[in-house]
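Trainee: Please take one part of this structure, the nonpolar packing, and go through it closely. Then follow it to wherever the chains meet.

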Amino acid sequence: MARIVIADDDADIRELVVFKLRHGGHDVVPVGDGAAAVEACSAEKPDLVILDVMMPGMSGLDAARALRQDASMDGLPIIMLTARAQESDIEQGFEAGADDYIVKPFSPRELASRVSAVLARSR
Amino acid sequence: MASPLGDVDGFLWFSWVLLVGFAVLSVVLLVVLVVVRALRDLFARRRARAADEVRAHIFEVVMGEDDDAARGRAALAAARGRAADRVEQQVFEMLPKLRGESRAELVGLLMARGAEQRALALVGSRSSVRRCRGAFQLGMLGLTQHVPRLVRLLRDRHFLVRRVTVRALGAMGDPRAVRPLLLLGEHDPRLTRDLVFALDRLGPDAAPELRSVLLEEMTHGDHLHLDPAAVVLGLLADRPSVDVLAQGLGSPNPSFAGACAEALGRIGAPEAIPALTEALLDLRPNVRAGAAHALGSIGSSVAAASLLDVVDEEEPQVSRQAAQALIELGPGGRRMLATSSSPYAVEAMALEAIRGGRS
């Protein structure tokens with residue numbers, strides 16, 4: 001079981017991810033924007049964070065950069081979950097420090113597999 | 001003759017009645033207001049609770065294990081009346097967010113409830129709002145046999161219906177929609193962004209049809225409606241389109257020629273470098289700027305000298321783009337840029353220094 005922070009401003013997507021990951025036995029902390037994700041990561045010390053790219057206020061890319069600059073979050077795996085599927089967008093995500101990239105619309109099964117794979121790699 | 005004291009009594013009596021009347025009316029209005037508000041909150045809570053129940057069942061169908069999924073499916077299938085409308089509405093709202101087996105599960109559920117026939121009826125409705133809803137639902141169900149029906153709806157007199165239909169055709173993923181969509185762009189430039197989104201959503205299957213439209217149309221006409229085709233071939237990074245896009249750089253339509261340059265840059269094909277270098281000499285500034293940007297994106301130093309010539313030209317848009325392209329070529333490009341006296345060369349190097357690169 002892992003502790004996972006999920007940040008997405010779309011309540012449906014957030015709840016879908018929470019439902020799927022809780023079903024898989026994970027402890028999930030849902031938040032609605034990038035700033036809240038950074039705060040939740042500081043407070044919860046998660047094993048993984050899933051960030052939507054386009055969010056109000058602090059974007060997922062900015063949140064990923066902030067997490068990468070924080071020494072206490074060293075090695076925290078980041079998965080970007082986004083509707084922006086162009087190659088340049090994916091590149092930007094990896095440059096910001098993402099470990100994996102899932103494009104919306106998404107398959108919940110694929111999400112669960114990617115989460116397992118990223119967690120396995122980080123342990 | 002009435003006494004003045006009698007008039008005063010009458011006035012006081014009338015005032016008192018008026019005051020009591022107002023007080024009673026205020027209390028009644030207050031009570032009505034409280035009751036209406038309480039009822040509204042009660043109904044809102046009931047609706048929210050019902051929506052939560054439906055959502056929980058949808059989640060069970062989409063993501064639960066076999067037993068959960070069967071229970072969710074049965075609960076959603078059993079809904080009748082208003083509850084059935086709620087189920088359909090929530091399932092349709094969920095569909096754009098999912099793909100794969102989960103999406104197929106929900107589409108199967110809607111089909112079993114007769115959503116296809118209802119969507120077709122909506123598309124034929126006299127109300128434009130209903131036609132929008134019908135087009136959206138047909139697109140979400142992804143039933144490609146109804147592509148011709150949606151293509152007919154592209155001629156609807158209401159802009160919003162045409163817009164929703166363009167997006168619905170994109171969601172269906174059938175390349176037969178490519179030509180009608182491009183044709184619509186010619187008559188309705190306000191839909192260009194939606195067209196690009198829809199054509200991109202059709203995915204790589206649409207690329208052969210887009211290429212063949214470009215090849216056919218570029219031999220005649222003013223290429224007015226071809227910009228989205230070029231843009232989408234670039235977004236799809238469609239390598240077999242390089243030749244036809246390179247040909248498009250010479251189009252008499254500057255907007256289309258610029259779109260071809262942008263697409264070649266996105267594809268990043270080195271075989272387009274000679275055509276793009278030639279386009280740096282084009283008389284139209286937007287084509288020169290597009291070619292410079294594309295050469296920077298491809299990142300080959302072969303065109304560096306030609307880009308440097310363009311940095312020193314007078315058109316700010318072109319000079320700035322060429323300077324940026326030289327930065328993107330790496331240390332060699334930056335060294336060449338340092339020899340230029342153009343203010344845009346200085347600007348590009350300063351920006352690069354701020355971003356943390358070498359100036």
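**Nonpolar packing and the chain contact**

Mentor: In the largest nonpolar core, which has 80 residues, the members that touch the most others are Leu181(B), Leu210(B), Leu214(B), Leu245(B), Leu276(B), Leu307(B) and Leu337(B). Helix α14 of chain B (residues 254–267) gives this core its largest share, eight residues. A core here is a set of buried Ala, Val, Leu, Ile, Met, Phe, Trp, Tyr and Cys residues joined through side-chain atoms within 4.5 Å, buried meaning under 20% relative accessible area with a 1.4 Å probe, protein chains only. Helices are DSSP runs of H or I, at least four residues, numbered from the N terminus.

The model is predicted: local features need pLDDT of at least 70 and side-chain atom pairs pLDDT 80 or more, while totals for chains, interfaces and linings use all residues. Residues are numbered from 1 along each chain as written, chains are lettered from A and ligands numbered from 1 in written order, and side-chain values use heavy atoms, without hydrogens or water.

Beyond four places in sequence, Leu307(B) is in contact (heavy atoms within 4.5 Å) with Leu280(B), Ala292(B), Leu295(B), Ala322(B), Ala325(B), Leu326(B) and Leu329(B). A second, separate core has 42 residues, among them Ile6(A), Leu119(A), Val54(B) and Leu98(B).

Where the chains meet, 18 residues of chain A and 19 of chain B take part. They bury about 1700 Å², 52% of it from carbon and sulfur atoms; this is the accessible area (1.4 Å probe) lost on putting the two together, summed over both. On chain B's side, Met63(B), Lys97(B) and Arg99(B) supply 42% of the buried area, more than any other three residues.

Notes. Buried < 20%, exposed > 50% of the residue type's maximum accessible area, 1.4 Å probe, protein only. Helix = DSSP H or I, 4+ residues; strand = E, 2+ residues; numbered from the N terminus.
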